[in-house]
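Good morning, and thank you for making time for this item.

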Amino acid sequence: MLLRASGERDDRAYELSAVTRGHGDSGVPHSDTIRALTEATVANRWDELAGLRESAATVLGEQAMVDVLTVAAAFNGITRVADATGIPLDDNVVPATEELRAAVGIDRFDYHEKTARYDLAAAS
């Protein structure tokens, strides 16, 4: 089952490793602005986020800025639920995402490292 546009094909080239590296051009328009909003949201840097929201609304538009923040917050929660319950990838997803997971380095993901990087233990 696909949700709306999720099944539509996009043949543009994206540099997915820019997402996990935290820098570089991913090929997504305004990726630096989107990255800054996302990182400030996940890291609970609320003072920084206030200023970023204003500049992002100018660059992206008000609705797109709200959309970015909504997706960042939702995915942060979704990943925590998946991690907490130990939800594995579906069998048919493993081979289909092998190249993607290697490109972005997601197989090297260490939840404890993420917690330390964003100091999430102190935030709770």
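Of the 124 residues in the chain, 22% are buried, where buried means under 20% relative accessible area with a 1.4 Å probe, protein chains only. Please note that this is a predicted model, in which local features need pLDDT of at least 70 and side-chain atom pairs count only at pLDDT 80 or more, while totals for chains, interfaces and linings use all residues. Residues are numbered from 1 along each chain as its sequence is written, and side-chain values use heavy atoms, with hydrogens and water left out.

The secondary structure comprises 8 helices and 0 strands; helices are DSSP runs of H or I with at least four residues, strands are runs of E with at least two, and both are numbered from the N terminus. Among contacts with a separation of 6 or more, 42% join residues 24 or more positions apart, a contact being heavy atoms within 4.5 Å.

The axes of α2 (residues 31–42) and α3 (residues 46–60) come within 9 Å and cross at roughly 155°. Axes here are lines fitted to C-alpha atoms, for helices over the stretch in contact, and angles run from 0 to 180 degrees between N-to-C directions. The crossing angle therefore makes α2 roughly antiparallel to α3, the term for angles over 145 degrees. Residues of α2 including Ile34, Leu37 and Ala40 meet a set in α3 that includes Trp46, Leu49 and Leu52. By class, this contact has 10 nonpolar, 2 polar and 2 charged residues. Ala, Val, Leu, Ile, Met, Phe, Trp, Tyr, Cys and Pro count as nonpolar, Asp, Glu, Lys and Arg as charged, and the others, Gly among them, as polar.

How do α3 and α4 cross, and at what angle? Their axes come within 7 Å and cross at roughly 130°. On the α3 side, the contact is made by Leu49, Arg53, Ala56, Ala57 and Leu60, and on the α4 side by Glu62, Ala64, Met65, Val68 and Leu69.

Finally, α4 itself. In α4, Met65, Val68, Leu69 and Ala72 are buried. An α-helix has 3.6 residues a turn, so residues three or four places apart point the same way. The cover over the buried residues of α4 includes α2 and α3. Just after α4, glycine 86 takes a positive phi of about 70°.

Key: Parallel < 35°, antiparallel > 145°, perpendicular 65-115°, else oblique. Buried < 20%, exposed > 50% of the residue type's maximum accessible area, 1.4 Å probe, protein only.
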